[in-house]
Amino acid sequence: MLNKIMKKSIWAGVLLIAGGLLWACGDEKSSSGTGEPSATPGAEFDATYKALFTTHCTGCHSAQDPFNTATFTSVRANRQKIITRIESTDSSKVMPQSPTTQWTNTDKARVLQYLKTSTDFN
Ligand code: HEC
């Protein structure tokens, strides 16, 4: 049993390293202007969207809560739930919940587009 788990973690490690190498190659290609733009998971989040989540969500969903909108890892893990709540037409479910943290339709649309299409989630 333990042995199985250890084998699994070794494989996870190997995959991570392989992934890292692939990512590094991809990066090189794009900097020479030939390949697709490189995708670093969470890059767009950190550059642009973290600020929107911080303003509109993190007051109620932060590190001490099970559901946290302050980190890319947590947003990625809860992505579908977040989309559902932002799009909800049920006033008791829709997020952001408080009128004081309401956002403009533009910000809402930007965050939804990000969650649905960003290369952060590839
Ligand atoms: C004023 C406080 C408040 C703000 C601001 C707020 N939320 Fe929430 N949120 C809550 C509360 C309370 C719950 C739990 C009750 C419920 O399920 O509606 C919740 C639940 C959720 C859930 C469901 C979690 C689960 O495990 O089912 C998601 C997803 C969510 N919020 C996303 C967001 C996002 C994204 C934002 C910002 C755009 C946001 N919330 C802003 C208070 C808030």
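**Figure 1. Cysteine 60 lies in the loop that joins α2 to α3.** The model shown here and in the other views is predicted. Cysteine 60 counts as partly exposed because it has 14 C-beta neighbours inside 10 Å, a number between the limits of 12 or fewer for exposed and 20 or more for buried. Proline 96 is 36 residues away from cysteine 60 along the chain, and the C-alpha atoms of the two are separated by 9.2 Å. Cys60 and Pro96 are both among the residues closest to the ligand.

**Figure 2. The ligand is surrounded by 18 residues.** The closest of them are Cys57, Cys60, Met95, Pro96 and Ser98. By class, the shell is made up of seven nonpolar, eight polar and three charged residues. Helix α4, residues 79–87, supplies four residues, the largest share of the shell.

**Figure 3. A cis peptide bond links methionine 95 to proline 96.** The omega angle of this bond is near 0°. Most peptide bonds are trans. Proline 96 is placed in the loop between α4 and α5. Both partners of the bond, Met95 and Pro96, belong to the group of residues closest to the ligand.

**Figure 4. Helix α2 has a kink of about 60° centred on tyrosine 49.** Its 14 residues should span 20 Å at 1.5 Å a residue, and the end C-alpha atoms are 20 Å apart, so the two values agree. The buried residues of α2 are Phe45, Tyr49, Phe53 and His56. An α-helix has 3.6 residues a turn, so residues three or four places apart point the same way. The buried residues of α2 pack against α3 (72–77) and α5.

**Figure 5. The largest nonpolar core holds eight residues.** They are Phe45, Tyr49, Phe53, Cys57, Val75, Ile82, Val111 and Leu115. Two elements, α2 (43–56) and α5 (105–117), each give two or more residues to this core. The largest share, three residues, comes from α2. Cys57, a member of the core, is also one of the residues closest to the ligand. Leucine 115 touches Arg79, Ile82 and Ile83, when residues up to four places away in sequence are not counted; among these partners, Ile82 is itself a member of the core.

**Figure 6. Asparagine 122 lies in the segment after α5.** Threonine 40 is 82 residues away from asparagine 122 along the chain, with 9.1 Å between their C-alpha atoms.

**Figure 7. The whole chain, for orientation, has five helices and zero strands.** Read along the sequence, the pattern is α-α-α-α-α. Of the 122 residues, 11% count as buried. Among contacts in the chain with a separation of 6 or more, 52% are between residues 24 or more positions apart.

Conventions
Residues numbered from 1 in each chain as written. Predicted model: local features only at pLDDT ≥ 70, side-chain atom pairs only at ≥ 80, totals over all residues. Near = placed C-beta within 6 Å. Nonpolar A, V, L, I, M, F, W, Y, C, P; charged D, E, K, R; others polar. Core = buried A, V, L, I, M, F, W, Y, C linked by C-beta atoms within 7 Å. Contact = placed C-beta atoms within 7 Å. Expected span 1.5 Å × (residues − 1). Bend = angle between axes of the 7 residues up to and from the residue.
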